[in-house]
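Thank you for making time this morning.

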Amino acid sequence: MTELSFAMAQQVLDSQPFSGLVGARITDFGDGAAVLEVDVREELTQQNGFLHGGVLSYAADNALTFAAGTTLGPAVLTGGFSIQYVRPASGRTLTARAEVVHSGRRQAVVRCDLYTLDDEGSETLCAVAQGTVLSALPI
């Protein structure tokens, strides 16, 4: 297994055109965990002014996969995930914090909590996700 460094993780994120469109960045990576952040801006909101659920799902999916990459190596794919929206997301920054719950040779189960940060620095939980990430290496 090739060790995935913070710099390599950032390079992988930067190579994803959609991540660039959203403006995502990795702020923490390693030891079974990853943190992804997205600045909230008008183009990412829905008709009521809240951050679109698709943006939350994107952040959860990528954070889950990056966290699993710290245990499975860089060649990973999301096998599936579910997300529960706890409350509408508003604020200035979305933070997706993912942590590996269990990792085997070929798959990892990962949990991700998504928070928004407001202008005063208070965090609010807005969604919780859990998924399975698979090693993309041949058997």
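This is a predicted model: local features need pLDDT of at least 70, side-chain atom pairs count only at pLDDT 80 or more; totals for chains, interfaces and linings use all residues.

**Strands, core and cysteines**

Let me start with a hairpin, which strand 4 and strand 5 form with three residues between them; helices (H or I, at least four residues) and strands (E, at least two) are DSSP runs, numbered from the N terminus. Residues are numbered from 1 along each chain as its sequence is written, and side-chain values use heavy atoms, with hydrogens and water left out.

Strand 4 and strand 5 pair in the antiparallel sense over ten bridges, where two strands pair if DSSP finds at least two bridges between them. Within this pairing, L94 has T116 of strand 5 as its bridge partner. Strand 4 is also joined to strand 2, again antiparallel, by seven bridges, and there E37 has T95 of strand 4 as its bridge partner.

What does the largest nonpolar core contain? It has 38 residues, and those with the most contacts inside it are L36, L56, L94, V110, C112 and L114; such a core is a set of buried Ala, Val, Leu, Ile, Met, Phe, Trp, Tyr and Cys residues joined through side-chain atoms within 4.5 Å. Buried here means under 20% relative accessible area, with exposed over 50% and partly exposed in between (1.4 Å probe, protein chains only). Helix 3 supplies the largest share of this core, eleven residues.

Helix 3 is also where S57 is found, and S57 is buried, with a relative accessible area of 18%. Leaving aside neighbours within four places in sequence, S57 is in contact (heavy atoms within 4.5 Å) with F81, I83 and Y85.

Let me return to C112, which is buried with a relative accessible area of 0%. Once neighbours within four places in sequence are set aside, the residues in contact with C112 include A60, A63 and L64, as well as A127, V128 and A129.

How many disulfides does a search of the whole structure find? The search finds zero, a disulfide being a pair of cysteine sulfur atoms within 2.5 Å. For C112, the nearest cysteine sulfur is that of C126, 9.6 Å away. C126 is likewise in no disulfide, and C126 is buried, with a relative accessible area of 0%.
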